[in-house]
Amino acid sequence: VAGLLVWCVGALATVGLQGRVDLGSQAMPLVLAAAAVGLWWPRVWAGASCVVAVLMFNWFFVTPRGSFTVSFQRDMLLLCTMFAASVGVALLVARQRQLASIQRQQADQVRQLHALGQQLRQAESIHEVCQGLTAALNALALVDVCTAVVAVQQNAPDALQVLGPVSPDEHSGLTICQAQSMPLGPGTGRYENQPVLYMPLRGRSKSPGAVLIRSTGLPLTAPDTLAHIQAMCDLVGQAIEREEASRHATEARQLAHDQKLRNTLLAAVSHDYRTPLATILGAASSLQEQSDRMSSAQRQRHVDTVMDEVRQLSRLTDNALQLARLDAPNLRLLTDWQSPEELVGAVLRRVRMRDPQRRTHLRLAPGLPLVRCDATLVVQLLENLIDNALKYSPDDTPVEVVIRQQGHHLLLAVGDRGPGVLWQQQASMFELFERGQHGVHQEGIRGAGLGLALCKTIAQVHGGTLVYRSRKRGGASFELRLMIEPSPMVDTHDEASA
Amino acid sequence: MSLKILLVEDDRDLRYTLRDALSVEGYDVRPAASLADASAQLSLATGSQRFDLLVLDLGLPDGDGSALLAHVRRQSMVPVVVISAQHDEGQKIRLLDAGADDYVTKPFSVGELLARIRVALRHRGTALSPAVTRYEREGVHIDLTQRTVHVRGSAVHLTPTEYQLLARLVRTAGQVVTHRQLLADVWGAEFVDHTHYLRLYMAQLRAKIEVEPAEPCFLLTETGVGYRLVEADTPPADAVHMRS
């Protein structure tokens, strides 16, 4: 319409100039108008409009008027120039317009691909990936409404998992398309008679899936449209491959982790359990066979040995079981508000049984806030640390338990005056089944590795930290830090004494 | 005549060991190796033949011991001491709230089990026998009828809530009381999830009663389960081991 309007204005201007200027100048508005329509009309129309303009000019204004004959050579030259100029300009403008439109379309496509890529990176499931593709296809201006049915090759190598309703024919179409990694359907040069378009979701080497595109509008046969759709499909294919690769990697990591845990527990059983068992068997068999020749003090010592070793085995078992439990993927902690004083009180009550000389000293800061934690786990952690401190330091040195607030954290530290941990081992001692080197040589010291790994895990599941620090005047210090959250309010309306 | 105990334990070695240990203490022990066996013995023992206490292992070949506990609780208030195989605090709490009197966790010492049995027998049938009103141990004297608390010679003043909390523990001295039971009995049913109340009031009570509040000797913490007031020194006359 705009083209027609411009053309008419040009024609009117030409009529209006009649008699006021010479013929050459009078032709100019028409030439301009004929060329300008190239901005709106396709190339052929623009060319035709130039021909019509020249013929009309010739008919109405060039002598003899009312006929196509030209009497003067000069007028002939004018008409030829006019024709060449208007056609040339119209064609150039139209061509320019077309180039701009192609560029715009390409920019749109690039933008769309980029957006799709972004969407795919954030997608969490294969379903989301497919929804992203369908939405992108629908956003293509060329297509009215289309539905994409995606089929992916998952788990089973020979079976396609189709995420949507398809007919048996369409299913085999998807299978062929995926297996051959080639598009088929109208415009692709293969199976042109198919009513729908099949595109492979191409990955790096093979296609992890294929997509079926039903469109209600114009068939998607234009080569550049098909290329664009293929580019989008390739993005999806790569996204599926990426997802699959990361899933495989996670599975492999999990498998390796499980394997390591199993090995650790087996190693713990074979190594740390043998000595207590041997000791128990020794003491018990000695009681069985030599009891009548023993003094009552000797008998009592054997009985005490059996009791000690059984407790040791029991702690080892608790540690191993707890470690396995904390490793489970759907771990649920029984967290509750706990008082640090109460936690350490429960630990000390148990520790005192193995600490007859009362080497364990507690330094508890007053007015500590409550902390949210799983009491059983934190008690087990502290018990392991204190046990280790008692075992790995000389009998006449103190073991200090310090509990105080440190900024937003509650610090629970267990320190001894033993040899400490060699710096080479400080990094690895929290790893599964490591052990202080001195432990190998020193008698009666075993099984710290599993315990420390458990302690670290307990700290981690609480969002806390457990670190080792060498003490200034010698010895080891293990420091647990737990986050302090705002404590809940307590209604203490009855402050009057009973 | 000895007190009669039904010992429900499927592991043969542990059953024999416990039977011997309990027999030595003068109890009349009837062992049962399965739920069916235990149910049969329970239904046969009526009137003067009825059991005075149950020791119940939870993992049994023909079912979970907690089913038997529920069955027993529907019929009588006979004390039940549970043997729990796992360090599963949730399970212990469920059993205690379902009516078990106390528990021991495998592995346990005979002394531990005997102490639990002794206390459970002392509190048996509290609905019939007069409730515990006095508590004495190592310088701590609590008299619930007089509402007085004396610690190492001097009277201690408690706030009403502190007193109620202590009184609740005194009534079942020696037995574990779950957080839930304590909160429901002292603060009311709507407070059963407010364990932080217990932490604060227990700390106040310990500060008034214990010599070293950080290492309590009276008000013990059963980590993850509840609290236990240590058994009194001299059991009241109605809770000796033997029937007259």
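The legends below describe close-up views of a predicted model.

**View 1. Helices α1 and α2 of chain A pack against each other.**
Helix α1 of chain A covers residues 2-16, and helix α2 of chain A covers residues 23-36. The two axes lie 8 Å apart and form an angle of about 175 degrees. Because angles over 145 degrees count as roughly antiparallel, α1(A) is described as roughly antiparallel to α2(A). On the α1(A) side, the residues in contact are A:V6, A:W7, A:G10, A:A11, A:A13 and A:T14. Their partners in α2(A) are A:Q26, A:P29, A:L30, A:A33, A:A34 and A:A36. Sorted by class, this contact comprises 9 nonpolar and 3 polar residues, with no charged residues.

**View 2. Chain B meets chain A in an interface to which both chains contribute.**
Chain B provides 28 residues to the contact, and chain A provides 31 residues. Together the two chains bury about 2,500 Å², of which 54% is on carbon and sulfur atoms. Between chain B and chain A there are 4 salt bridges. The count of residue pairs in polar contact between these chains, with both residues at pLDDT 80 or more, is 7. On chain B, at least two residues of the side that touches chain A come from each of α4 (89-97), α6 (160-171), α8 (195-209) and β13 (219-222). Helix α8(B) supplies the largest share of that side, namely 9 residues. By class, the side of chain B that touches chain A holds 14 nonpolar, 10 polar and 4 charged residues.

**View 3. A salt bridge joins B:R199 and A:E342.**
Over all chains, the model contains 36 salt bridges. In the pair shown here, the side chains of B:R199 and A:E342 meet at 2.8 Å, N to O. This pair crosses between chains: B:R199 belongs to helix α8 of chain B, whereas A:E342 belongs to helix α10 (residues 340-351) of chain A.

**View 4. A cis peptide bond links B:K106 to B:P107.**
Most peptide bonds are trans. The bond from B:K106 to B:P107 is instead cis, and its omega is near -5 degrees. Where in chain B does B:P107 lie? The residue B:P107 is found in the loop between β7 (102-105) and α5 (110-122) of chain B.

**View 5. A:R358 has a positive phi.**
Most residues other than glycine have a negative phi. A:R358 is not a glycine, yet its phi is positive, at about 55 degrees. In chain A, the residue A:R358 occupies the loop between α10 and β6 (360-364). Helix α10 of chain A is also the helix that holds A:E342, the partner of B:R199 in the pair that crosses between chains.

Note on methods
Residues are numbered from 1 along each chain as its sequence is written. Chains are lettered from A and ligands numbered from 1 in the order in which they are written. This is a predicted model: local features need pLDDT of at least 70, side-chain atom pairs count only at pLDDT 80 or more; totals for chains, interfaces and linings use all residues. Side-chain values use heavy atoms; hydrogens and water are left out. Axes are lines fitted to C-alpha atoms, for helices over the stretch in contact, and angles run from 0 to 180 degrees between N-to-C directions. Helices (H or I, at least four residues) and strands (E, at least two) are DSSP runs, numbered from the N terminus. Angles under 35 degrees count as roughly parallel, over 145 as roughly antiparallel, 65 to 115 as roughly perpendicular and the rest as oblique. Contact means heavy atoms within 4.5 Å. Ala, Val, Leu, Ile, Met, Phe, Trp, Tyr, Cys and Pro count as nonpolar, Asp, Glu, Lys and Arg as charged, and the others, Gly among them, as polar. Buried area is the accessible area (1.4 Å probe) that two parts lose on being put together, summed over both. A polar contact is a pair of N or O atoms within 3.5 Å; within protein, one must be able to donate a hydrogen and the other to accept it, and residues adjacent in sequence count only if both atoms are side-chain atoms.
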